[in-house]
2 protein chains.
Amino acid sequence: MTLLNTKTQSFEFTEPLSLSSGKSLSHYQLLVETYGELNASKSNAILICHALNASHHVAGVSPDSEDIGWWDNMVGPGKPVDTNQFFVIGINNLGSCFGSTGPMSINPETNKPYGSTFPVVTVEDWVRTQARVADRFGINAFAAVMGGSLGGMQSIAWGLLFPERVLNCIVIASSANLSAQNIAFNEVARNAIMSDPDFHKGDFYEFNVIPRRGLRVARMVGHITYLSDDDMAEKFGRELRRATGLSKDYLYSFETEFEVESYLRYQGDKFADYFDANTYLLITRALDYFDPAKSCGGDLSKAFEKILAKFLVVSFSTDWRFAPERSREIVKALLDNKHPVSYAEIDAPHGHDAFLLDDMRYHGVVRSYMDGILRDIERI
Amino acid sequence: MTLLNTKTQSFEFTEPLSLSSGKSLSHYQLLVETYGELNASKSNAILICHALNASHHVAGVSPDSEDIGWWDNMVGPGKPVDTNQFFVIGINNLGSCFGSTGPMSINPETNKPYGSTFPVVTVEDWVRTQARVADRFGINAFAAVMGGSLGGMQSIAWGLLFPERVLNCIVIASSANLSAQNIAFNEVARNAIMSDPDFHKGDFYEFNVIPRRGLRVARMVGHITYLSDDDMAEKFGRELRRATGLSKDYLYSFETEFEVESYLRYQGDKFADYFDANTYLLITRALDYFDPAKSCGGDLSKAFEKILAKFLVVSFSTDWRFAPERSREIVKALLDNKHPVSYAEIDAPHGHDAFLLDDMRYHGVVRSYMDGILRDIERI
């Protein structure tokens, strides 16, 4: 298998960006990573959109940190999204905290971090910035825009905002909007962050603190919703966290007692070390707000009338964050428009996280869909 | 319908109580409320056990606060648990915050609130204190011990600890132990409380503060798990919280935007006003620890060998906190012992909260089971 050649670039944009909120950003940069080669006709470009805590670093190994990309099992030479065939682009979303302009960045007008003054951004705002990146590469239309979870929402938004600029939308473990329960979990997470005294209304950078406690709780809540009940039972059950040979009686305290507590605390701590609290708020709000049917009185089929791209929709049987029925709503709205859509519901035990994991049937579905895209490109 | 005659009493216990943890309490009081009349043979007593945030005040109207009891639709004259026929007892559990001895109480040895020094208590500890209350009334055996959720666990524990002292165990929307996911949610809630700087390691009373932020987040998380996804969708959907006539565009902020956020914040605030943070920790830990199969290597059927009481087990189709399959585990373990058990799975949309709500089929099942108990009593 050939080694993956990754290339990280920073793009500066000085043309003001009008945001959904009515505000605008006069200047921003986006961090971009690419894999494979753009062909002469620039027809083999795939945009990979990330979800909450991921970044432009989709695949391969970072030259600086040795981190493996978040979708490395999906993207690479010979992988389902084959970088020997496709030119793949990962972009760190505006407002995120991995190199693109976000709340941690210095606002050139004040010479201080944006903090609480960073504008609320939407999925549609991201898509507009991604289109500007495509312009820089001279890419007129993406062969596919692809993502899981919030990434899938960006893929849908591409189909709606730039129907002529995307040939295929690949929407995995996603939904056409959040349910009340989804919003509720986001609200709990935000509340934990915003009520942390170290949050300082979003301007904690100036105080040299981070709202660790809030971030930790936010991540713990999130993590529960990424795994299925069965998967947690399988992974942790009611196992106590004890060295072998020690008593299996309870500690009768509020210290870490069960394996699942230990796991969640670890995940929470790790997250608080690397993720920006304001970015967490921004990204969860973008999730809450995404609702393409809203302007059509809730009629998703009507909203989808303008779509031209073909769709692949994938869901996972035990995903209760974005359950298969939410994917079927997308499929139904496409079929209502007699629109070409392939749909796969993968029987997988790992809940929402399944979209990030290696699963033969899941990867087989994507691989065969990508083969079809390749045949289409070659016919052009 | 006759008015419900409620009687609140405080019982002092000075005989030391040995706890599951190995610690002991030398002195404590329990607040008890009763309804109806104990018959001459003392055979018509029903113990109602409460869940996380409830109390001894099961039914009727409090003379002081005008609060209606938490299970008033279930218990009263002519109701499924008919106080014209039965003598019903509600006890505020040890460690709770509604009048029984708990972390807020003054420790007579230090003249300060117990706070962090209050011992961890278990479901079994509660059952032992409840047996002492039965002794005070001269009740040798309860006609039934009944509860929902954590209350149902107490009912199971009665069947195991005092097989001769309970004729029927009524176990509603409960489970023979918590799943990893259940423990995970409890851990998030506890983490939110314990990481609140106003918690002061449990001794916040001395600082004249309460860990409001943590309690609020804890309650919000809990509340999501009490409702079904469908129920939340039905109640709130994606409705925005706006006065009629105002714009339906988003606010583009992190303020309360959706109805479901407003609801959760309200529930969180209300809870923080009346519930004790240490009690929250204690009661969720009692939930985590309950696991009668633990001493039998996880074999619930073996654990249930000693049970003599008949069982009624009830679950609700949309309860994902304690799903019907968890109730069926209890039923199976009883049947493995060829033990009499009635089981009803109620098709209800309201998730875990259904056990507190008025539902004809559910109440019909309980009413008819109670009629059977009454016939048994009359035969004695």
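In this predicted model, 56 residues of chain B are in contact with 56 residues of chain A, where contact means heavy atoms within 4.5 Å. The area buried between chain B and chain A is about 4,900 Å², and carbon and sulfur atoms give 65% of it; buried area here is the accessible area (1.4 Å probe) that two parts lose on being put together, summed over both. Arg238(B), Tyr252(B) and Phe254(B) supply 16% of the area that chain B buries against chain A, more than any other three residues.

A word on conventions before going further. Residues are numbered from 1 along each chain as its sequence is written, and chains are lettered from A and ligands numbered from 1 in the order in which they are written. Because the model is predicted, local features need pLDDT of at least 70 and side-chain atom pairs count only at pLDDT 80 or more, while totals for chains, interfaces and linings use all residues; side-chain values use heavy atoms, with hydrogens and water left out.

Let us look at what joins the two chains. Between chain B and chain A there are eight salt bridges, a salt bridge being a side-chain nitrogen of Lys or Arg within 4 Å of a carboxyl oxygen of Asp or Glu. In one of them, Asp291(B) pairs with Arg238(A), and the closest N and O atoms are 3.1 Å apart. On the chain B side, α3 (180–194), α4 (212–226), α5 (229–235), α6 (259–274) and α7 (277–289) each supply at least two residues of the side that touches chain A. The largest share of that side, eleven residues, comes from α3(B). Helices (H or I, at least four residues) and strands (E, at least two) are DSSP runs, numbered from the N terminus.

How are the two copies related? Chain B can be laid on chain A by a turn of 180° and a shift of 0.0 Å along the axis, with an RMSD of 0.0 Å, when superposed by least squares on the C-alpha atoms of residues with pLDDT of at least 70 in both. That is the relation of a two-fold axis. The same surface serves both copies, as 100% of the contact residues of chain B recur in chain A.

Now step inside chain A. Eight strands form an open sheet with mixed pairing, in the order β1-β4-β8-β5-β11-β12-β13-β14; two strands pair if DSSP finds at least two bridges between them. At the edges stand β1 (6–13) and β14 (341–346) of chain A, each with a single partner strand, so one side of each is left without a neighbour in the sheet. The twist averages 20° from one strand to the next, with axes being lines fitted to C-alpha atoms (for helices over the stretch in contact) and angles running from 0 to 180 degrees between N-to-C directions. Within this sheet, β4 (residues 28–35) and β8 (residues 87–91) of chain A run antiparallel and are joined by four bridges. Thr34(A) has Ile89(A) in β8(A) as its bridge partner.

α2(A) touches β5 (45–49), β11 (144–148), β12 and β13 (310–316) of chain A, and its direction makes about 150° with that of β11(A). Helix α9 (residues 324–336) of chain A lies across β12, β13 and β14 of chain A, running at about 165° to β14(A).

Finally, the count over all chains comes to 46 salt bridges. Among them, Arg165(A) and Asp135(A) meet through their side chains (2.9 Å, N to O). Arg165(A) lies in the loop between α2 (150–161) and β12 (168–172) of chain A and Asp135(A) in helix α1 (residues 123–137) of chain A, so the pair ties together parts that are 30 residues apart in sequence.
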